[in-house]
Amino acid sequence: MNALATVWLIAEREVRQRLRSKLFVGTTVVLAVVLTVLASLPAFLGAFAPSDGRDVPSDDDERSALRVGVLGTLTDDEVASLEAAFGPIEQVPVADAVAAEEVLQDGQEGLAFVVEPGERVLVAPGGNLLQVGSAAAARAAEALALERVFPGEAERIGEVLARPSLPVVQIGDTDPAEAAARLVVANVGVVFLFAVLIMYASMIINGVIEEKGSRVVELLVEAVPVRRLMTGKLLGLGLVGLAQTLVLFGPPLAVLVLTAGELIPSAVGGLALAITGWFIVGYALYAVIAAGLGSLVSRPEEAQAVLTPANVLMVAGYLVGFAAINAPTSRLAVIASFVPFSAPYAMLARQALASPAWWEVALAAGSTLATAAVLTVVAARIYEGGILRVGARVKLREAWSRR
Amino acid sequence: MLHLDGLERRFGSVIALAGLDLTIEPGELCGFVGPNGAGKTTAMRCAVGISEPDAGQVRWRGGPIDLDVRRRIGYMPEERGLYPKMRVHEQLVYLARLHGLARRAAEDGARRWIDRLGLAERRDSAVEELSLGNQQRVQLAAALVHDPELLVLDEPFSGLDPLAVDVMSDVLRERADAGVAVVFSSHQLDLVEDLCRTVAVVSSGRVVLRGPVRELKRAGERRLRLETTGGVRWTERLPAGVTIRGRRGNEVTVSLAPGVEPGSVLDLVRGDGSLVGVRLEEPRLSELFRDALEAGVEA
């Protein structure tokens, strides 16, 4: 039997055993159902249907007036039509288009949008207020358009609120809905990566300890070189991880696409692929560390203690990933996206929020995979030295010396 | 032929093997006995290639123990090793395939040994659901499923009930008859004596007694058990080469060095009274074992 066939045989066993575990399959299915239900809730609750910027403002007279920036002067009819759409508005004069961009971008004036009468409605890019801004802008555009159709008939405008005729022009080059979606994907992606990497590191170490603790490894190494044994185990569990990812996220994404496909920016598809890719790269890196460390101990209760160095690296990468989400163009984010242990998180955040060049992504993935390759050699040697030593925890130096 | 040649192995300050030599021929069924800590397990692990000696070499049919050779060895580790949650049949097929068998041959081997060892009703049970005795049978099947040329079994009889001992003995005898070289360690010396054609006694990392059981017994000190009615004063006048091994009332057991005629002792006894009973015995393996260890310590 050649090396490839042996590795595949071992990987196959790992896959079969995990899929036979009722706990593993049950937990995965329940989680997938929960995520799918959550993904379908907005459709059931009708949240997507009227949300193209027409959410009716509250009739509560006590609420504060909507602050609207104005370039030039609004006619009384235009004010009336806007108030028909939003209730009372507070006009904030803005000097020119440049000033309008600035005031919208820094957000300090608290303007929902800026109206340039007869021309455009301007909104701010990026950030959590975008959805509100774009919805309000769309509504304002509608109201002003109606004002031309029904001049002086503010009540009728308020009743009808027909199609918008003025274009909604955003400031900057990011579509507000897409920016919001990217932010969500970045957050979900980093949390997901952390969760699955830490879960699979734990699964690997327990698998190694199972073989070592039950002594079955003595039968295995008699027939299989230790490196093939380790490679097969990592490949098998990696395939299980990929399959689990598909089962967990496939159905909810399908539901979202079916119920609100037109609302999901196209960039989300590419980012989903990026998450999958970074899972594979991150798994290659952390899995070999977990396998090497796992070979040093014989009892499950020692697993977490020996895994601490890998966990520290994963948590550090995770925290850096969130720093990168908050400031995707910062120096920290850029550097972290090329450091192998934080690259899966930080580069994913940058891909979602800062559009790095393709070569930057390739370099980050390449450096992480190269590190994984070096660590594979190191881990395999530790694995060879540690896997047959049952009993007390094996020191790294002893495992390295293989004696 | 398996050759262990001058094996040395040290664990820190503990010397496990101190120049151990041993040869096992195809078709030989060899008992590997020795006190705890004598180096049996270390020697067996070196023999199957999962532990490397500090010095000396292990050879099978004149060549080194490489992967191809290891796949033709059946090994049962001292601490039993199987996947606890894996089913019996599936586990045996998996192990057979890792040893290089094609799927069909692995399936056939697993089925054959499951039937032979009385595990047919438990073929789809997880190993952890089986009794210890049945787990032991699965362990033996795991060592045999790929039809090895060399069987190295570390304490295969420990924990077995008498029926399982019979099954295990039959299987080992049958494999040896089929030309397989079989070596197993055990502390059950009577069982080794009954089952094995050859024996190797190991002490402090060296083989101190080796050979066919029958020849060793024949060459060892014979025992003469005597029962008299006239007291035991004759024991004060024993000739050279005759040593008292036990005494209970008027019954005395003496050992006779090679060359000493039993008649000389009988004449001595008759001089003091009448002889009620007499029996000439070959030494038990356990006695040879103790003698060999004592000689090893003195050396």
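The model is predicted, so local features need pLDDT of at least 70 and side-chain atom pairs count only at pLDDT 80 or more, while totals for chains, interfaces and linings use all residues. Residues are numbered from 1 along each chain as its sequence is written, chains are lettered from A and ligands numbered from 1 in the order in which they are written, and side-chain values use heavy atoms, with hydrogens and water left out.

**A strand in chain B**

Let's begin with strand β7 of chain B, residues 150-154. Helices (H or I, at least four residues) and strands (E, at least two) are DSSP runs, numbered from the N terminus. Five of the five residues of β7(B) are buried, so this strand is largely enclosed by the rest of the structure. Buried means under 20% relative accessible area, with a 1.4 Å probe and protein chains only. B:Leu150, B:Val152 and B:Asp154 point one way, whereas B:Leu151 and B:Leu153 point the other way.

| Partner of β7(B) | Residues | Bridges | Sense |
|---|---|---|---|
| β6(B) | 73-76 | four bridges | parallel |
| β8(B) | 181-185 | five bridges | parallel |

B:Leu153 is the bridge partner of B:Met76, and B:Val152 stands opposite B:Val183 in β8(B).

**Two helices in chain A**

The axes (lines fitted to C-alpha atoms, over the stretch in contact) of helix α10 (residues 267-294) and helix α13 (residues 343-353) of chain A come within 10 Å and cross at roughly 170 degrees. That makes α10(A) roughly antiparallel to α13(A) (over 145 degrees).

Technical notes: Buried < 20%, exposed > 50% of the residue type's maximum accessible area, 1.4 Å probe, protein only. Pairing = 2+ DSSP bridges. Axes fitted to C-alpha atoms, helices over the stretch in contact; angles between N-to-C directions. Parallel < 35°, antiparallel > 145°, perpendicular 65-115°, else oblique.
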